Amino acid sequence: MASTKTQDERLAEWNSSVMKYLIPNDVVLSLYLILGTIGNITVILVYVFKMKVKRDDRFFIPVLASVDFIACLIGASFAFTWNIIPVKFSNGIVCEALWFVSQAVTIISAVLLIIIAVQRYLKVCKPSFIFTQKMKNVCIILAVCFGFAFSVPIFFYYGSVEIYNPKLNVTGFWCGQKRENIDHVIIYDISAVVVAVIASFVLIILYILIGKAIYQKFIVFQQSVKEGKYTKKHRSSVELESVLSVDKDKDSGSSRSRANSIEDLVECDTYRRKVKRGSADTLDQGRFFTIGQHFRTHRYSYMFMTITALFIIAYTPRLALMVLESMDPTFWNKPNDAIAGFLFLYRMYILNHAINPFIYTFFDTRFRKAVSEIFCCCCSTRKSVSLC
């Protein structure tokens with residue numbers, strides 16, 4: 001029967017058979033797209049417009065959320081397009097452009113995480129160093145430039161390539177690695193892996209140093225509570241010292257520093273009242289306060305540690321599959337269920353960009369409160385409209 005069908009009919013049959021196996025992948029991509037776009041837009045709007053008081057710790061969050069938003073939108077859209085026409089992707093220009101943007105955004109996100117890790121290290125381990133506003137802006141520009149520059153080879157090594165199905169005796173078009181300059185493709189992919197491994201080690205080392213410094217501070221703080229040196233008067237002074245981690249940038253101005261102080265004092269006073277209401281037992285209250293205050297003081301370090309760990313986990317399968325794809329010319333000539341499984345791992349990196357807003361919500365109490373206020377306001381407005 002296959003011989004009586006035209007080439008277009010056989011190609012459509014092949015495309016349809018692959019597309020059916022990718023339906024579960026489409027469902028996952030839909031979740032990535034919905035959660036990632038809505039979540040990151042919410043982060044950008046809240047941090048930029050709702051939270052008028054800006055902290056040095058929060059500076060990179062809306063920047064990272066903007067990159068995450070683009071990654072979710074472009075990455076998921078690219079994946080959906082690929083799933084609809086897996087073996088009929090004949091438009092090489094669209095394929096190269098989508099590959100380029102998704103790769104560039106990935107690299108920009110990784111560089112931003114390294115910059116954030118350096119900032120956290122300086123803040124925790126080298127507090128005398130001033131990370132100015134100008135330095136932050138320059139770092140962001142460098143991250144964007146590096147991401148686009150490192151992704152330029154995509155236009156030479158990726159595109160619409162022919163793929164043959166011997167069973168149906170038909171040739172389709174696959175959006176992936178070109179085989180003409182396969183040696184260069186292998187070198188590029190291995191270079192990307194090496195850079196990723198080096199970046200991962202840098203991030204791990206920086207956060208180990210940060211974690212060590214935080215742990216030492218916690219031990220000293222906890223010991224002072226146990227020995228009774230941390231009196232009520234001393235507690236107030238330590239609270240002031242720990243929470244007033246204001247932006248020391250020369251370009252920021254004194255008004256911004258005072259605003260940070262007011263915000264942190266309000267949060268600290270609210271926390272202290274909760275502690276007093278929580279328990280009458282002095283020892284338990286002291287332990288609760290010690291752990292709670294430690295977490296509050298270093299919550300942004302823990303938050304970015306979590307984001308970085310998830311980033312490394314989510315991107316590792318993609319890098320491994322890129323190398324395997326370049327090494328094996330028949331890598332994608334596998335049963336449809338195997339292709340669906342590989343594509344799920346290949347696109348797992350989008351999960352990292354989609355889940356970050358939930359990490360911000362968990363760690364940043366001010367952001368969580370702002371989002372709750374917006375949600376409650378929307379609910380009350382909807383109720384009032386329905387009553388009318």
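Helix α2 contributes the largest share of the nonpolar patch, four residues. The model is a predicted one, in which local features need pLDDT of at least 70, side-chain atom pairs count only at pLDDT 80 or more, and totals for chains, interfaces and linings use all residues. Residues are numbered from 1 along each chain as its sequence is written, and side-chain values use heavy atoms, with hydrogens and water left out.

The patch itself covers about 470 Å² and is made by Ile 23, Val 27, Leu 31, Leu 35 and Phe 358. Patches here are built from residues with over 30% relative accessible area and no salt bridge, with like charges joined within 9 Å and nonpolar side chains (Val, Leu, Ile, Met, Phe, Trp, Tyr) within 5 Å. Ile 23 has its place in helix α2, whereas Phe 358 belongs to helix α13. With a relative accessible area of 46%, Phe 358 is partly exposed; buried stands for under 20%, exposed for over 50%, and partly exposed for what lies in between (1.4 Å probe, protein chains only). Phe 358 and Gly 36 are 322 residues apart along the chain, yet their C-alpha atoms are separated by 9.9 Å.

Turning to the chain as a whole, the protein has 14 helices and two strands. These elements are DSSP runs numbered from the N terminus (helices, H or I, at least four residues; strands, E, at least two). Of the 388 residues, 45% are buried. The chain exposes about 20,000 Å², and carbon and sulfur atoms supply 70% of that area; accessible areas follow the Shrake-Rupley method with a 1.4 Å probe, and for residues only the protein chains shown count as cover. Among contacts (heavy atoms within 4.5 Å) with a separation of 6 or more, 79% join residues 24 or more positions apart.

The interior comes next. A nonpolar core is a set of buried Ala, Val, Leu, Ile, Met, Phe, Trp, Tyr and Cys residues joined through side-chain atoms within 4.5 Å. The largest such core holds 52 residues, and Leu 112, Met 303, Ile 307 and Tyr 360 have the most contacts inside it. At least two residues of this core come from each of α2 (23-50), α3 (60-84), α4 (92-125), α5 (133-151), α7 (182-226), α11 (299-327), α13 (349-363) and α14 (365-387). Helix α4 gives the most, with 12 residues. Setting aside neighbours within four places in sequence, Leu 112 is in contact with Val 63, Leu 64, Val 67, Ile 140 and Ala 143. A second, separate core has 33 residues, including Trp 82, Val 87, Phe 89 and Cys 95.

Thr 106 is 41 residues from Gly 147 in sequence, with 7.7 Å between the two C-alpha atoms.

An unreviewed UniProt entry lists residues 29-49, 61-85, 97-118, 138-158, 186-210, 302-324 and 344-363 under "transmembrane region". Its positions are given in the numbering used here, feature names are shortened, and annotations may be inferred rather than shown by experiment. In the model, residues 97-118 are 100% helix and 0% strand, with the end C-alpha atoms 32 Å apart. Residues 302-324 are likewise 100% helix and 0% strand, and there the end C-alpha atoms lie 34 Å apart.

How many salt bridges does the structure hold? There are two, each defined by a side-chain nitrogen of Lys or Arg within 4 Å of a carboxyl oxygen of Asp or Glu. In one, Asp 364 pairs with Arg 58, the closest N and O atoms being 2.8 Å apart. Asp 364 lies in the loop between α13 and α14 and Arg 58 in the loop between α2 and α3, so the pair ties together parts that are 306 residues apart in sequence. Asp 364 is buried at 0% relative accessibility, and Arg 58 is buried at 4%. In the other, the side chains of Glu 96 and Lys 178 meet at 3.3 Å, N to O. Because Glu 96 lies in helix α4 and Lys 178 in the loop between β2 and α7, this pair ties together parts 82 residues apart in sequence. Both Glu 96 and Lys 178 are buried.

Finally, a word on backbone geometry. Most residues other than glycine have a negative phi. Asn 169, although not a glycine, has a positive phi of about 55 degrees. This asparagine is found in the loop between β1 (158-165) and β2 (170-177), and at 46% relative accessibility Asn 169 counts as partly exposed.
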